[in-house]
Each structure stands twice: as C-alpha cells, then as structure tokens.
Amino acid sequence: MNIPFAESWKIKMVEPITKSTRNEREKWLKEAHYNVFQLESKKVYIDLLTDSGTGAMSDRQWAAMMLGDESYAGATSFFRMKETISTITGFKYVVPTHQGRAAENVLFSCLVKEGDVVPGNSHFDTTKGHIESRKAIAVDCTIAEARDTQLVIPFKGNMDIKMLEDCLMKNVDKIPFVLVTITNNTCGGQPVSLKNLKEVYAVSKKYNIPVLFDSARFAENAYFIKTREKGYENKTIKEICLEMFQYADGMTMSAKKDAQVNMGGFIATNLEDWYEQAKVKCIIYEGYITYGGLNGRDMNAIAVGLEENTEYENLETRIKQVAYLAQKLDEYGIPYQKPAGGHAIFVDAQKVLTRVPKEEFPAQTLTIELYLEAGIRGCEIGYILADRDPITRENRFGGMEFLRLAIPRRTYTNNHIDVVAAALKNLSDRSENITRGVKIVWEAPIMRHFTVKLERL
Ligand SMILES: *Cc1c(COP(=O)(O)O)cnc(C)c1O
C-alpha cells in the first residue's frame with residue numbers, strides 16, 4: 001500500500017472554535033448588512049476569509065519572539081530580518097513596514113503620481129487602491145487564458161507580453177514601474193513562470209522601466225516553478241527564489257502571507273534611489289527605518305517564518321491542502337478556477353448560481369449562502385471588490401466573479417476542509433432555487449467591499 005501524504009508538522013497548541021445554528025446565523029448576518037467583513041469572528045465556525053495573518057506560527061517563531069530587540073534604533077531584530085531577506089531575495093536595501101499595503105503606500109508615495117500608468121498582472125485590491133487614489137491608472141495585462149476558469153494550464157498568472165509591450169510603447173513617459181504579482185492573487189492564486197518573469201524584465205528594460213514584484217506569495221510561486229516548470233525540478237526553493245528576484249528591481253511584501261506571521265511587511269530593493277526616497281516616507285508614515293511599525297519580536301518572527309517557508313516540505317503541506325479541497329470540489333462537480341492555486345480555491349460563482357443576474361452580485365450571494373449553510377466565511381472576489389470605474393462611476397462587471405476560500409497556513413485540518421466541501425455541495429444541489437442576489441444600499445467611494453451595506457432581494 002502507498003503511504004499517504006501527511007503534514008510536515010504536528011500540533012502543539014489549539015484554539016477552540018464555535019458552531020452555531022442557522023437561525024443564529026440568519027440574525028447575525030442581517031445585523032452585519034450581509035457583509036461577512038462585518039461579522040464578529042466568534043460567529044464564524046471555519047474562517048476562510050483570508051490567509052493573511054491568520055496562520056499558525058511555529059514553535060521556533062514563538063521562541064524567536066522572546067528574543068526580540070525592542071530598541072528604537074538599530075535593533076538586532078531588524079538586522080536579523082534584513083539578513084534573511086537579503087539572503088533569500090538578493091536585495092540589499094530593506095525598509096520595514098507594518099503590512100503590505102503600508103509598503104505600497106511608502107513606495108508609491110515616492111514613485112506614483114497623477115496621470116501615471118502602472119501595467120501589471122491583475123493588481124491586488126490594495127495595490128490598485130494605492131494607484132487609483134493617486135489618480136494614476138492600473139492597466140491589467142494578465143494573459144487572456146486566465147479568464148477561462150475551466151482551462152488547466154500551469155502558469156495562469158502570467159503577464160501577456162504583447163499587451164505589456166503595447167502599454168509600454170504608448171505610455172513610456174508615464175510608467176514608474178511594471179508590477180508583477182507573484183502569485184497572482186486576484187486571478188486565483190495562480191503562479192507566474194520564471195520564463196514569463198524573464199520576459200517581463202527584458203521588455204521593461206528595453207524601455208528603461210524598473211520592475212516591482214508584489215511578492216506576498218513569492219515562496220508559493222517558487223513551489224509551483226519547482227513542480228511545474230521544466231528545468232527547475234532539482235533546484236531548491238531558495239535557489240528558485242533568488243533566480244526569480246533577479247528579474248525585479250524591488251519588491252513590496254505582505255509578511256502576513258508567505259512570511260507566516262500575523263502582522264508585518266517590508267520593501268526591498270537594489271535601487272539606491274528608491275531606498276533613499278522610501279526611507280523618508282517610512283519615517284513619516286510607519287516609524288524609524290529599523291522598525292517601520294513593527295515590534296522587534298515581530299521582525300524576529302518574520303525572519304524565522306521566511307526561512308521556514310522557503311523550504312519545500314512546509315510549502316508542500318500547504319499547497320497540497322488547497323489541492324485536497326479542489327479534489328473534493330471536482331468530486332462534487334463544483335466549478336472553480338483551475339488548476340487549484342497556492343493559497344485558495346476560487347469558486348466560479350456565476351457557474352454555480354446561474355440564475356442570479358450579475359447586477360445582483362452572484363459571488364456575494366454565494367458567500368452569504370455558504371455562511372448561512374455551515375458558518376463558513378469566504379470572501380467575494382468579484383464585482384463588489386472590483387469597485388466602480390473611477391471615471392464613469394459604473395460598476396465594473398468585466399472581470400471575474402469568484403467566491404474565494406482562502407486557507408490559513410497550518411491552521412485547519414482536512415476534516416474542516418471536508419465540512420467546507422460538503423456545505424458547498426449542498427448549495428450547489430439547491431442552486432436552482434437561488435434566483436435573487438443582493439443590492440447595495442451604502443458603499444465607500446473606494447475599496448467598498450470592506451464596509452459595503454447590502455440588502456437581500
Ligand atoms: C495581501 C496582499 C497585499 C496587501 O498586504 P496587506 O498586508 O494585507 O496590507 C498586497 N498584494 C497582494 C498580492 C496581497 O495578497
């Protein structure tokens with residue numbers, strides 16, 4: 001008999017979670033204006049809202065926390081974190097920030113101005129927010145194949161090089177950098193190949209434009225390169241990471257993802273000019289340049305988390321759990337963005353709730369139904385998150401319409417995953433009876449999904 005695959009860790013500490021009744025959930029969700037961001041976490045049984053900062057730290061990370069140096073300036077914890085980042089990425093300058101969007105805020109404050117154009121592969125929501133709030137334009141150059149959720153290709157997060165070059169040619173004076181998100185979160189946690197990273201870099205250099213990686217899940221991206229791209233099977237994750245970052249001038253990082261901590265972020269670069277500018281903004285917005293909004297202990301935990309998560313076994317355990325959920329959904333015939341991504345399953349909401357019109361937000365409707373069914377909190381990554389067009393103020397119905405089930409790192413067992421799959425199957429079985437969705441009764445002008453108030457139709 002084949003020995004089955006199992007986790008590369010065991011559990012040393014547990015946190016109780018609570019079940020609820022459907023009646024309770026009906027009441028709670030109504031009070032939350034049908035926006036799961038407004039729910040108290042104790043009213044959630046299995047929380048797949050995000051994998052951001054929601055994972056479990058290792059015993060070594062907790063041990064490193066005790067050794068944090070809380071000095072205001074020159075903390076050893078900063079240098080420990082910086083060393084680790086430089087070893088893994090090859091970038092010599094590091095600016096700490098309290099999370100990923102803070103890294104964006106600091107760096108984009110220096111680089112992005114009104115009228116600029118920032119091409120990329122499906123900009124993440126906060127990234128798009130930091131571009132559009134500066135009255136610049138985010139141009140999506142993701143390959144067209146990414147939009148066909150049933151198409152199985154290994155690197156669905158790739159940039160369309162021709163679209164990118166067209167954009168570079170037309171706007172060359174207005175482009176502060178080209179942005180590559182690894183993995184491509186918005187289009188389904190899909191990886192970008194090393195070949196594509198090289199091509200993006202080459203074409204950007206042709207126009208003398210720097211390349212920035214939005215690197216929240218760079219280690220997961222490296223895992224996919226190792227397991228899917230020819231020529232990389234025998235390289236270590238750390239070797240692949242170093243090679244990936246050769247094709248970037250800098251990175252922004254949400255340490256809440258692949259650094260496996262609950263809070264943190266940073267900018268890293270080899271461009272002295274970016275570094276000098278970012279230092280100034282870091283001091284204004286985040287804190288002195290050797291802590292940037294982080295405790296010394298947090299920086300220690302980031303150092304250990306990065307070290308651990310650039311090892312194959314840790315990544316394999318995580319990504320195989322995501323694949324396990326995918327396999328269950330295949331069994332039950334529930335369509336999702338294929339192949340399974342690194343951190344989440346993105347259920348194709350329009351294909352499940354075929355009778356809910358797009359104006360009534362099918363993905364949000366599915367998010368609501370899943371919570372009511374079993375107390376599971378997913379997240380709409382669709383038309384609500386897409387916000388309105390900054391110029392026409394129309395809803396943007398052009399993109400993907402997903403219910404995202406993000407899997408926190410080292411947190412749930414496959415028994416929990418079985419509950420999620422069964423709940424989705426029940427919904428899919430009665431999807432014919434779900435004909436109406438929701439309408440917006442209040443929304444913020446930007447990044448509306450966090451606070452939007454909805455009514456059921
Ligand atoms: C999470 C994330 C960010 C923002 O990071 P925060 O730590 O949440 O502020 C930016 N880009 C990508 C791709 C992300 O996944």
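Visitor: How many cavities of 30 Å³ or more does a search of the whole structure find?

Guide: The search finds three. The structure is a predicted model, in which local features need pLDDT of at least 70 and side-chain atom pairs count only at pLDDT 80 or more, while totals for chains, interfaces and linings use all residues. Residues are numbered from 1 along each chain as its sequence is written, and side-chain values use heavy atoms, with hydrogens and water left out.

Visitor: What makes a space a cavity and not a pocket?

Guide: On a 1 Å grid over the protein atoms alone, a cavity is a set of points where a 1.4 Å probe fits but cannot get out, whereas a pocket is an open set with protein on both sides within 12 Å along at least five of seven lines. A residue belongs to the lining if it has an atom within 4 Å of a point. The largest cavity has a volume of about 60 Å³, volume being the space filled by probe spheres set on the points, which are joined across faces, edges and corners.

Visitor: Which residues line the largest cavity, and how do they divide by class?

Guide: The lining consists of Asn35, Val36, Phe37, Leu49, Gln364, Gly378, Cys379, Glu380, Ile384, His449 and Val452. Six of these residues are nonpolar, four polar and one charged. Here Ala, Val, Leu, Ile, Met, Phe, Trp, Tyr, Cys and Pro count as nonpolar, Asp, Glu, Lys and Arg as charged, and the others, Gly among them, as polar.

Visitor: What shows that domain 1 and domain 2 meet?

Guide: Contact (heavy atoms within 4.5 Å) links 37 residues of domain 1 with 38 residues of domain 2. The C-alpha centres of the two domains lie 26 Å apart. The domains bury about 2,900 Å² between them, 53% of it on carbon and sulfur atoms; buried area is the accessible area (1.4 Å probe) that two parts lose on being put together, summed over both.

Visitor: Which domains contribute to the lining of the largest pocket?

Guide: Domain 1 and domain 2 each give at least three residues to that lining. The largest pocket holds about 1,500 Å³ of space. Of its 35 lining residues, Met13, Ala56, Met57, Arg410 and Thr411 are the closest to its centre. Helix H2 (59-66) supplies the largest share, three residues. Helices and strands are DSSP runs numbered from the N terminus, a helix being H or I with at least four residues and a strand E with at least two.

Visitor: What lines the second largest pocket?

Guide: It is lined by 38 residues, of which His123, Lys128, Asp140, Ala386 and Arg396 lie nearest its centre. Strand S4 (137-140) gives the largest share, four residues. By class, the lining has 19 nonpolar, eight polar and eleven charged residues. About 930 Å³ of space lies in this pocket.

Visitor: Why is Arg393 placed in its accessibility class?

Guide: Arg393 has a relative accessible area of 36%, so it is partly exposed. Arg393 also has a positive phi, about 60°, although it is not a glycine. It lies in the loop between strand S11 (379-381) and strand S12 (402-406).

Visitor: Which residues of helix H9 are buried, and what covers them?

Guide: In helix H9 (residues 237-245), the buried residues are Ile237, Ile240, Cys241, Glu243, Met244 and Phe245. Their cover includes helix H3 (76-89), helix H8 (218-228) and strand S7 (250-254).

Visitor: What kind of peptide bond joins Lys338 and Pro339?

Guide: That bond is cis, with omega about -10°. A cis peptide bond also joins Ile182 and Thr183, where omega is about -20°. Thr183 is found in the loop between strand S5 (178-181) and helix H7 (194-206).

Key. Domains from an automatic or database assignment. Buried < 20%, exposed > 50% of the residue type's maximum accessible area, 1.4 Å probe, protein only.
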